[in-house]
Amino acid sequence: NGTGHNTQHQVCLQSGVTVHAYVYSNVLAADAFSFWAVILTFLSTFVRVVADIFANIVSNRIFDIFKNGALYEKKDLSALLTLLAVVFFGCGAALLFSKSRREPISRSAFLLNTFVNITLYDSQDEAILDHCVDMCQEYENRFSKTIEGSELYKLNHRSADETTFTVSDDMAAMISEGLHYSEVSHGAYDLTIEPLSSLWNFTSDEHVIPAEDDITAAAERVNWKNVKLDGNTLTFLSPDTTIDLGSIAKGYIADRMKDYLTESGVESAIINLGGNVLCVGERTNHQPFRIGLQKPFADYATVFADLNIDNMSVVSSGVYERHFEKNGVNYHHLLNPKTGYPYQNGLVSVTIVSPRSVDGDVLSTTCFSMGLDKGLELINSMDGIYAYFITDDYELIYSDGAEAFIDEIKEK
């Protein structure tokens, strides 16, 4: 395409484009197969050993355990001890193996305005899952822009003469991330997009395009430079400035949940916050998790590419997530802060693979907002973070090193 990208792969996709992380429900299929293979091998070996031992006993005509008050001869006792050792060792090994291959446990809930699912593969502790759900609920109550009384709601609904606030550590961390990427993208991504994101409604069935005057007025209120953060001290330089954490919060929350899981001794788990996927460790058979990228506008379980992911996050942003079509135009939630309208930049989705989910969350939006060339340049300047861009002519372009995660691309 003449853009000089290092790595490209042409993918023919049907009916548009969408990328959304899909976690395979049968990630333990290979583990189950290995389990039964080991059990069958053990049983076969066990039967052969038992047969050999009893054949030896029969050949020496020593069926009586006691003869004239005497125990077995030494060689016969050795044979019995060998049999018992095989039995106990085999049962113990089978028990330990089956314990390591137990069925995963999971918990689902509707939180953060999406479906949340946490799955543990190496723990049966239901209390851990309960605490993860409680964490999501607590964070939603604190950082939602629509729940009255939340920390963010209070900031956005301050009086005109209120300018400076002391915010929580979590709020300061998220605002810091948002300001950083607002600066890196030169405002293509903007933490203060809230006037526009609240003006547009992509969930209603009415498919209403806001009045042009309203869009213009809302866009004039968007400017990340009107927010200053010094430690936990937040200052607004304009009474019209409001914040939207929608492109940061889920990633940040997933990272905090991962911290809790690892502190609780969990080494194999998947956190799925509405398609924002964060893998904790690897599968219990020491293989990476397989994360599918959803096929465009298809069923949730239909994927076009599989990624091998070990202890990393997979997050996507695209024109398919919250959108509506009107007069042949696709209006979606990825808004241009300068114009107030959805971006039309030749991209339909961006997927980020990163160690921290908060980076993946904000970078998927940032790179989409920056466009293919500048977004790819940004990712290639960062260590340990990878991206997959899909253009409106269905070309898949990935950043340096991203090809290594691809297990399979389904071109059908």
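Visitor: Why is Lys 145 called partly exposed?

Guide: Its relative accessibility is 24%. Buried means under 20% relative accessible area, exposed means over 50%, and partly exposed lies in between, with a 1.4 Å probe and protein chains only. So Lys 145, at 24%, counts as partly exposed. Keep in mind that this is a predicted model, where local features need pLDDT of at least 70, side-chain atom pairs count only at pLDDT 80 or more, and totals for chains, interfaces and linings use all residues. Residues are numbered from 1 along each chain as its sequence is written, and side-chain values use heavy atoms, with hydrogens and water left out.

Visitor: What makes Lys 145 and Asp 244 a salt bridge?

Guide: The distance from N to O is 3.2 Å. A salt bridge needs a side-chain nitrogen of Lys or Arg within 4 Å of a carboxyl oxygen of Asp or Glu. So the pair qualifies. Lys 145 lies in the loop between α3 (126-143) and α4 (151-156), and Asp 244 in the loop between β7 (233-236) and α8 (249-263), so the pair ties together parts that are 99 residues apart in sequence. Helices and strands here are DSSP runs, numbered from the N terminus: helices are H or I with at least four residues, strands are E with at least two.

Visitor: Is Asp 244 buried or exposed?

Guide: Asp 244 has 13% relative accessibility, so it counts as buried.

Visitor: How many salt bridges does the structure hold?

Guide: The structure holds 10 salt bridges. One of them joins the side chains of Arg 356 and Glu 177, at 2.8 Å from N to O. This pair links distant parts of the chain: Arg 356 sits in the loop between β15 and α9, Glu 177 in helix α5, 179 residues apart.

Visitor: Why is Glu 177 called buried, and what is Arg 356 called?

Guide: Glu 177 has 15% relative accessibility, so it counts as buried. Arg 356 has a relative accessible area of 37%, so it is partly exposed. Glu 177 also has contacts, meaning heavy atoms within 4.5 Å. It touches Arg 356, Val 358 and Asp 359, not counting residues up to four places away in sequence.

Visitor: What makes Asp 407 and Arg 290 a salt bridge?

Guide: Their side chains meet at 3.8 Å, N to O. That is within the 4 Å cut-off, so the pair counts. Asp 407 is in strand β18 and Arg 290 in strand β10, 117 residues apart. Asp 407, at 39%, counts as partly exposed. Arg 290, at 28%, counts as partly exposed too.

Visitor: How do you know that β10 and β11 pair?

Guide: Two strands pair if DSSP finds at least two bridges between them. Strand β10 (residues 289-294) and β11 share six bridges, in the antiparallel sense. So they pair. In β11, Asp 306 is the bridge partner of Gly 292. β11 also pairs with strand β18 (residues 406-409), antiparallel, over three bridges. There, Ile 406 in β18 is the bridge partner of Leu 307.

Visitor: Why is β11 called mostly covered?

Guide: In strand β11 (residues 303-309), six of its seven residues are buried.

Visitor: What makes the length of α9 close to the expected one?

Guide: The expected span is 1.5 Å times one less than the number of residues. Helix α9 (residues 357-370) has 14 residues, reaches 20 Å from its first C-alpha to its last, and is expected to span 20 Å. α9 still bends by about 30° at Leu 363. The bend is the angle between axes fitted to the seven residues ending there and the seven starting there. In α9, 14 of its 14 residues are buried.

Visitor: How do you know that the buried residues of α10 share a side?

Guide: In helix α10 (residues 372-380), Leu 372, Gly 375, Leu 376, Leu 378 and Ile 379 are buried. They cover an arc of only 160° around the axis, which puts them on the same side of α10. The arc is that of the directions from the helix axis to the C-beta atoms. The face turned away from the buried side carries the exposed residues Lys 374 and Glu 377.
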